[in-house]
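Take a look at the model first, then read on.

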Amino acid sequence: MSESAATPVYVVIGGGQAGAEIASELRKLGFAGRVIIVGEETALPYKRPPLSKAYLAGSVSADSLYMMQQPALDKAGIEYRGGVRVEQIDREAKQLKLIDGSRLAYDKLALATGGRARELKIPGADRPNVLALRTIEDVERIRARAQAGQRAVIIGGGFIGLEVAATLVKQGLAVTVLEGLPRVLARVTVPEISAFFERVHREAGVDLRTGVQITSFEFEAHPDSAVTHIHLSDHSRIDADFIVVGIGVIPNTELAETAGLVVDNGIVVDDCTRTSDPDIVAAGDCTNHPNEFLGRRVRLESVQNAMEQGRAAARTLMGKPESYKMVPWFWSDQYELKLQMVGISTGYDQLVIRGDLASRSFAAFYLHDGALIAADTVSRPLDFMIAKKLVGLRAHVDAAQLADESVALKTLVPAA
Ligand SMILES: Cc1cc2nc3c(=O)[nH]c(=O)nc-3n(C[C@H](O)[C@H](O)[C@H](O)COP(=O)(O)OP(=O)(O)OC[C@H]3O[C@@H](n4cnc5c(N)ncnc54)[C@H](O)[C@@H]3O)c2cc1C
């Protein structure tokens with residue numbers, strides 16, 4: 001045992017959503033040893049979802065982002081070592097090597113290293129006006145350039161790209177979105193919902209282009225000079241004052257891999273977050289985990305997953321492993337619309353729309369062999385609550401009743 005035989009040390013690497021959850025849950029479960037979070041970012045643990053929404057818009061303060069401020073950390077007895085990257089895990093010695101050269105011994109270790117923004121591999125992508133959006137600092141860089149009248153080009157029509165587009169166009173910028181696939185949100189939803197969001201963005205004034213490939217960036221030779229234009233495969237040339245790249249997330253697994261843990265599109269864990277080392281758990285965006293509801297392994301990038309896995313990791317560290325049962329869900333805010341999604345619609349054989357897509361408030365239900373496997377709702381939070389129940393039960397529901405707004409959704413929930 002490290003430090004003193006009487007005081008076990010549990011270390012969490014990564015102070016994001018999952019890391020903060022593991023640390024606070026350890027205390028809730030009564031852990032009396034030391035809890036240390038080592039985080040590469042200097043900021044105290046904070047929530048990322050507002051970064052592309054209210055925080056980018058400037059409508060909430062940085063204070064509202066923090067999951068734990070210093071007094072809360074002190075009260076919980078959680079030590080936060082920020083601005084320090086863990087360089088290496090020595091599993092034999094049960095020690096971490098930190099970037100400042102120091103070493104930190106652990107008895108149990110939790111990996112909550114999350115992910116980083118995927119980089120665009122194109123000459124000019126390292127220029128100062130080509131920006132990513134993963135951290136508070138990234139938002140500060142975007143905000144510094146986001147003045148009305150500026151031309152922002154967003155590369156990627158996924159959630160983050162579209163949220164940034166909505167926020168910036170509302171602030172009076174000229175916004176272009178470039179998506180390589182034939183439709184936006186193609187990896188997460190069906191053509192009907194993609195078409196709805198494409199229409200919403202175009203109506204708001206976004207120049208949204210799908211099925212376009214970037215052939216090159218135009219920039220001056222001097223390394224500090226900005227990208228001024230983007231050339232596309234259809235021979236068009238787009239003016240840009242700045243560019244935001246939102247083309248996905250790479251899980252931070254290198255530390256685990258170098259330490260010899262099993263990694264395969266994420267750190268491989270079981271349903272109790274255990275890695276291939278009995279003293280190491282992992283949670284959040286960095287994990288590849290079994291999901292009972294989906295019947296397969298998956299790597300998710302969602303707050304709900306980070307929190308539920310974080311709590312499960314704490315239980316396992318406390319010697320009380322408990323398999324977590326989780327139906328994946330996610331949300332996205334664009335303009336006044338709240339998109340909420342539960343389950344994964346891949347493999348559906350019937351789509352039922354409740355409400356009118358033109359009304360900007362509707363629900364889409366996905367059935368497979370008559371069972372509800374997923375639902376997307378737009379600005380229908382009450383329907384979403386019931387959809388979560390129905391999807392969690394894989395309820396067999398009558399499609400005509402689902403579509404009929406005069407039938408209350410809650411009457412379709414099977415009796416327990
Ligand atoms: C702009 C944006 C908007 C989002 N919106 C939504 C949303 O609306 N709904 C939703 O459900 N999800 C959303 N997400 C996703 C959600 O924020 C993530 O799923 C969640 O943050 C994952 O938490 P995590 O703790 O696993 O990883 P992270 O939040 O990525 O935290 C990992 C931390 O570990 C640190 N770290 C990595 N390696 C090391 C190391 N070697 N040493 C020390 N520290 C290290 C990183 O610096 C980072 O601080 C959004 C994400 C972004 C970026």
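Which residues have the most contacts inside the largest nonpolar core? They are Leu168, Val175 and Phe242. That core has 45 residues. Helix α5 supplies its largest share, seven residues. Keep in mind that this is a predicted model.

Leaving aside residues up to four places away in sequence, Leu168 touches Leu56, Ala146, Ala152, Ile154, Leu173, Val175 and Phe242. A separate core lies apart from the largest one. This other core has 26 residues, including Leu294, Val342, Leu372 and Ala399.

Now turn to strand β10, residues 151-155. Is this strand largely enclosed or open? Four of its five residues are buried, under 20% relative accessible area, so β10 is largely enclosed by the rest of the structure. From β10 the chain crosses through α5, residues 159-170, to strand β11. This β-α-β crossover is right-handed.

| Pair | Partner strand residues | Sense | Bridges |
|---|---|---|---|
| β10 and β11 | 174-179 | parallel | five bridges |
| β10 and β16 | 242-245 | parallel | four bridges |

Single residues show how these pairs line up. Ala152 has Val175 as its bridge partner in β11. Val153 has Ile243 as its bridge partner in β16.

Notes:
Residues are numbered from 1 along each chain as its sequence is written. This is a predicted model: local features need pLDDT of at least 70, side-chain atom pairs count only at pLDDT 80 or more; totals for chains, interfaces and linings use all residues. Side-chain values use heavy atoms; hydrogens and water are left out. Buried means under 20% relative accessible area, exposed over 50%, partly exposed in between (1.4 Å probe, protein chains only). Helices (H or I, at least four residues) and strands (E, at least two) are DSSP runs, numbered from the N terminus. Two strands pair if DSSP finds at least two bridges between them. A crossover is right-handed if, with the strands pointing away from the viewer, the path from the first strand over the helix to the second runs clockwise. A nonpolar core is a set of buried Ala, Val, Leu, Ile, Met, Phe, Trp, Tyr and Cys residues joined through side-chain atoms within 4.5 Å. Contact means heavy atoms within 4.5 Å.
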